[in-house]
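The sequence and the structure are shown first.

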Amino acid sequence: MGGGNLRAQALKLAALVLGLSLAATAAQAAGRADFQAEAPSGDARKVADWVVASGDHLGQPFVIIDKVQAKVFVFNPDGRLRGAAAALLGLARGDDTVPGIGERKLSTITPGERTTPAGRFVASLGKTLGAKDIVWVDYAAAISLHRVVTTNPKERRAQRLASPSALDNRISYGCINVPAPFYDTVVRPAFTGTSGIVYILPEVHSMAQVFPALVAAPRAPAS
């Protein structure tokens with residue numbers, strides 16, 4: 001009796017895995033990104049599908065950063081989701097970078113200037129002055145994707161990441177902070193030995209302003 005139950009469970013599991021695999025293959029064939037079990041916002045879905053259908057990522061891994069939802073999605077070059085996690089973002093709402101901000105000391109950057117810019121960025125692994133590896137998103141503006149910084153306990157960054165709400169995820173100078181395990185197991189492996197494309201969704205500007213090619217592109221077929 002016990003053996004029969006185990007076989008039945010094994011068959012159910014195999015069917016589930018096969019179903020997920022077939023769904024992923026169908027999504028890729030239709031020019032759509034495979035978010036697996038994640039439920040992205042409409043804008044995140046739209047950008048990811050456009051990237052896969054148009055090949056805008058040039059066959060490289062790509063990342064979608066949804067500032068409104070405070071969420072990061074990392075994809076393999078074929079459009080399959082590699083992983084997703086909550087993120088901490090710039091304190092101030094806004095989609096533009098203050099000119100020359102990357103050359104200024106942090107102490108001179110006012111709260112209203114601490115934005116995470118929206119747009120398309122060619123990103124790659126690099127090092128900080130402390131020799132820690134990060135993903136440089138916009139080197140000139142000193143914007144990077146890295147492990148969460150917890151050196152100031154008053155900022156409660158780890159707690160903010162763990163919170164179910166996105167309302168408390170605005171705390172950084174503009175960089176994107178993600179949980180350390182997520183960075184180590186998803187982000188860093190994705191960018192090891194290659195560059196990638198990071199798409200940061202707008203929160204003030206329209207999608208047409210930030211991604212004009214996306215708006216002009218034909219819509220991907222529904223799954």
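## Salt bridges

This predicted model contains 14 salt bridges. Side chains of opposite charge can pair when their charged atoms come close.

One of the salt bridges joins lysine 67 to aspartate 95, with 2.8 Å between the closest N and O atoms. Lysine 67 sits in the loop between strand 1 (62-66) and strand 2 (71-75), while aspartate 95 belongs to the loop between strand 4 (89-90) and strand 5 (119-127), so the bridge ties together parts that are 28 residues apart in sequence. Lysine 67 and aspartate 95 are both buried.

Glutamate 203 counts as buried because its relative accessibility is 13%, under the 20% cut-off. Arginine 170 has a relative accessibility of 16% and therefore also counts as buried.

Elsewhere, the side chains of glutamate 155 and arginine 157 meet in a salt bridge of 2.8 Å, N to O. Glutamate 155 and arginine 157 are both buried.

In soluble globular proteins, nonpolar side chains tend to be buried together. In this model, the largest nonpolar core has 27 residues, and Val72 and Ile176 touch the most other members. At least two residues of this core come from each of strand 1, strand 2, strand 5, strand 6 (133-138), strand 7 (143-147), strand 9 (176-178), helix 4 (180-191) and strand 10. Helix 4 supplies the largest share of the core, with six residues.

Leaving out residues up to four places away in sequence, isoleucine 176 touches Ile65, Val72, Ala87, Leu88, Leu89, Thr116, Val137, Ile143, Ser144, Leu145, His146 and Ile200. Another core, of 21 residues, lies apart from the largest one; among its members are Phe73, Phe75, Ala118 and Leu214.

## The surroundings of threonine 115

Threonine 115 is found in the loop between strand 4 and strand 5. Its relative accessibility is 9%, so threonine 115 counts as buried. The side chain of threonine 115 reaches the backbone oxygen of aspartate 96 at 2.7 Å.

When neighbours within four places in sequence are set aside, threonine 115 is in contact with Gly90, Ala92, Arg93, Gly94, Asp96, Thr97, Ile143, Tyr173 and Gly174.

## The largest pocket

The largest pocket holds about 1,100 Å³ of space. Its lining is made up of 37 residues, and those nearest the centre of the pocket are Leu106, Thr128, Ser144, His146 and Cys175.

Strand 6 and strand 7 are the elements that give two or more residues to this lining. Strand 7 gives the most, with four residues. Ser144 and His146, two of the residues nearest the centre of the pocket, are also touched by isoleucine 176.

Note on methods. Residues numbered from 1 in each chain as written. Predicted model: local features only at pLDDT ≥ 70, side-chain atom pairs only at ≥ 80, totals over all residues. Heavy atoms only, no water. Salt bridge = Lys/Arg side-chain N within 4 Å of Asp/Glu carboxyl O. Buried < 20%, exposed > 50% of the residue type's maximum accessible area, 1.4 Å probe, protein only. Core = buried A, V, L, I, M, F, W, Y, C linked by side-chain atoms within 4.5 Å. Contact = heavy atoms within 4.5 Å. Polar contact = N/O pair within 3.5 Å; in protein donor to acceptor, adjacent residues only side chain to side chain. 1 Å grid on protein atoms, 1.4 Å probe; cavity = no way out; pocket = protein on both sides within 12 Å on 5 of 7 lines; lining within 4 Å. Points joined across faces, edges and corners; volume = space filled by probe spheres on them.
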